[in-house]
Amino acid sequence: MEGELNRLQTDHMGRIQRAARHLLDLITEVIDISKIEAGQLATYQEKFSLEGVISEAVECLQEKLHHKDLILERQTSPLQLYTDRRRLLQCVMNYLSNAIKYTEVGKVVIKAIEQQGNLVLSVTDTGIGIRAQDQARLFTQFTRIDSPQVRRTPGTGLGLYLTKKIVEEVLQGQVSMTSEYGRGSTFVLHVPLYAVPTSTGDRG
Ligand SMILES: Nc1ncnc2c1ncn2[C@@H]1O[C@H](COP(=O)(O)OP(=O)(O)OP(=O)(O)O)[C@@H](O)[C@H]1O
Ligand SMILES: [Mg+2]
């Protein structure tokens with residue numbers, strides 16, 4: 001209302017916005033984990049197409065891509081699913097945002113195929129990679145693998161823990177990963193295309 005912002009003000013506004021977003025993400029993660037651990041995370045299953053989920057995830061993360069010398073490649077088939085759309089989107093976003101966070105140059109590839117009634121979705125990056133001895137604890141709470149790149153990037157170490165919980169307990173699937181230190185990583189989720197219907201229908 002007071003007119004154009006100058007460069008310094010724009011810079012401050014950007015920082016405030018990023019800090020607010022980070023705080024909101026953190027609060028949402030902590031609440032989701034509390035709900036899952038209390039057995040109170042309701043599932044809402046519906047029919048939807050995978051393409052829309054991937055487009056939404058990519059759109060939300062577009063801004064983060066702009067700041068890097070990164071290409072995002074999409075190799076996905078148009079699949080129909082019956083499961084919890086919002087929770088699947090959350091998991092895809094967690095994998096994709098990690099791939100972007102921990103990769104400076106090269107590319108991030110998102111692939112999706114159908115395999116024996118399952119959606120197999122993978123996110124591969126050409127980032128910092130993870131040593132074999134660190135891989136086993138990635139999906140546990142508050143794990144951050146120390147490196148200059150990780151120290152520079154804000155995070156709590158809850159994203160992968162939450163993703164595993166959601167995939168196993170809401171989407172009725174499994175997670176896995178492979179990585180080569182210094183070269184890149186692939187994070188995968190295997191989720192039934194048609195989830196077993198649950199009695200809870202409320203969004204929670
Ligand atoms: N694609 C990746 N490449 C390299 N390291 C990764 C990748 N994804 C995750 N990591 C490592 O695993 C750790 C845990 O990831 P996780 O997503 O759980 O937490 P985070 O990204 O640090 O924080 P947040 O809670 O905001 O997601 C990261 O801190 C990083 O060390
Ligand atoms: Mg993360």
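This is a predicted model: local features need pLDDT of at least 70, side-chain atom pairs count only at pLDDT 80 or more; totals for chains, interfaces and linings use all residues.

Biologist: Let's start with Thr186: is it buried or exposed?

Modeller: Thr186 is buried, with a relative accessible area of 18%, where buried means under 20% relative accessible area, exposed over 50%, and partly exposed in between, with a 1.4 Å probe and protein chains only. Residues are numbered from 1 along each chain as its sequence is written, chains are lettered from A and ligands numbered from 1 in the order in which they are written, and side-chain values use heavy atoms, with hydrogens and water left out.

Biologist: Where is Thr186 found?

Modeller: Thr186 is found in strand 7; helices (H or I, at least four residues) and strands (E, at least two) are DSSP runs, numbered from the N terminus.

Biologist: And what does the side chain of Thr186 make a polar contact with?

Modeller: The partner is the side chain of Thr124, at 2.9 Å. A polar contact is a pair of N or O atoms within 3.5 Å; within protein, one must be able to donate a hydrogen and the other to accept it, and residues adjacent in sequence count only if both atoms are side-chain atoms.

Biologist: Now the ligand. Which residues come nearest to ligand 1?

Modeller: There are 21 residues around ligand 1, and those that come nearest are Asn98, Tyr102, Asp125, Arg144 and Leu160; a residue is near a molecule if one of its heavy atoms lies within 4 Å of it. By class, this shell has 10 nonpolar, 7 polar and 4 charged residues, where Ala, Val, Leu, Ile, Met, Phe, Trp, Tyr, Cys and Pro count as nonpolar, Asp, Glu, Lys and Arg as charged, and the others, Gly among them, as polar.

Biologist: Which helices and strands each supply at least two residues of that shell?

Modeller: Those are helix 3 (85–101), helix 6 (159–169) and strand 7 (184–192), and the largest share, 3 residues, comes from helix 3.

Biologist: Which polar backbone atom is 2.9 Å from an oxygen atom of ligand 1?

Modeller: That backbone atom belongs to Leu158. A backbone N or O atom of Gly159 also lies 3.1 Å from an oxygen atom of the ligand, and an N or O atom in the side chain of Glu29 is 3.2 Å from an oxygen atom of ligand 1. Taken alone, ligand 1 exposes 590 Å², and the protein buries 96% of that, with accessible areas coming from the Shrake-Rupley method with a 1.4 Å probe and, for residues, only the protein chains shown counting as cover.

Biologist: Changing topic: how many salt bridges are there?

Modeller: The count comes to 12 salt bridges, by the rule that a side-chain nitrogen of Lys or Arg lies within 4 Å of a carboxyl oxygen of Asp or Glu. One of them joins the side chains of Glu56 and Arg85, at 3.0 Å from N to O. This pair links distant parts of the chain, with Glu56 in helix 2 (residues 50–66) and Arg85 in helix 3, 29 residues apart.

Biologist: What about Glu104 and Lys68?

Modeller: Their side chains meet in a salt bridge at 3.2 Å, N to O. This pair also links distant parts of the chain, 36 residues apart, with Glu104 in the loop between helix 3 and strand 4 (105–115) and Lys68 in the loop between helix 2 and strand 2 (69–76). Glu104 is partly exposed, with a relative accessible area of 38%.

Biologist: Last one: is Leu171 buried or exposed?

Modeller: Leu171 counts as buried, at 0% relative accessibility, and lies in the loop between helix 6 and strand 6 (174–180).
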